[in-house]
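Please follow this account with the sequence and the coordinates at hand.

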Amino acid sequence: MKQISQITSYHAHVYFDAETVEQARALCQTAASTFDVQMGRVHEKPVGPHPMWSCQLLATPDQFSQLLPWLALNRDGLIVFSHPETGDHLTDHLDHGIWLGTGLDLDLSLFG
């Protein structure tokens, strides 16, 4: 059995497009200030395994326990993909992911 102590942090990726970029930016900025989580760049192109434009929120496990329910209630139609960071990037994205909204296909080829 895997132990939750293996989780060092969580990523929450908020997906958006040209029509919802400002909505996503506002959501991420509010999340960052409300939960004291780190907000990454607002990428207006697919980056890494992500099939859409996205912004990453980086949270500790304690922060994530509050952030995820808040995102579920406040995403207002945006898709959010979250996953733990255990050091096994492929498994974290493939098997441990949490989707809010419609799940999408990730490009996991960069993980081996």
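The structure, which is a predicted model, holds two salt bridges. One of them pairs Glu22 with Arg25, with 3.5 Å between the closest N and O atoms. Both residues belong to helix α1, where Glu22 and Arg25 are three residues apart, about one turn of the helix.

Arg25 also takes part in a salt bridge with Glu44, where the closest N and O atoms are 3.7 Å apart. This second pair links distant parts of the chain: Arg25 sits in helix α1, whereas Glu44 sits in the loop between β2 (38-43) and β3, and 19 residues separate the two. Through shared partners, the salt bridges join Glu22, Arg25 and Glu44 into one network. As for solvent accessibility, Arg25 has a relative accessibility of 25% and therefore counts as partly exposed. Glu44 falls into the partly exposed class as well, because its relative accessibility is 46%.

The cysteines come next. How many disulfides does a search of the whole structure find? The search returns zero. Cys28 is in no disulfide, and the nearest cysteine sulfur to its own, that of Cys55, is 3.5 Å away. In general terms, a disulfide is a covalent bond between the sulfur atoms of two cysteines. Cys28 is buried, with a relative accessible area of 0%. Cys55 is likewise buried, at 1% relative accessible area.

The final element to consider is helix α2, which covers residues 61-74 and has 14 residues. From its first C-alpha to its last, helix α2 reaches 20 Å, close to the 20 Å expected at 1.5 Å a residue. Which residues of α2 are buried? They are Gln63, Phe64, Leu67, Leu68, Trp70 and Leu71. The buried residues of α2 pack against helix α1 (21-35) and against the strands β1 (9-16), β3 (53-59), β4 (79-85) and β5 (98-100). Helix α1, one of these packing partners, is also the helix that holds Glu22 and Arg25. Just after α2, Asp76 adopts a positive phi of about 50°.

Note on methods:
Residues numbered from 1 in each chain as written. Predicted model: local features only at pLDDT ≥ 70, side-chain atom pairs only at ≥ 80, totals over all residues. Heavy atoms only, no water. Helix = DSSP H or I, 4+ residues; strand = E, 2+ residues; numbered from the N terminus. Expected span 1.5 Å × (residues − 1). Buried < 20%, exposed > 50% of the residue type's maximum accessible area, 1.4 Å probe, protein only. Contact = heavy atoms within 4.5 Å. Salt bridge = Lys/Arg side-chain N within 4 Å of Asp/Glu carboxyl O. Disulfide = S-S within 2.5 Å.
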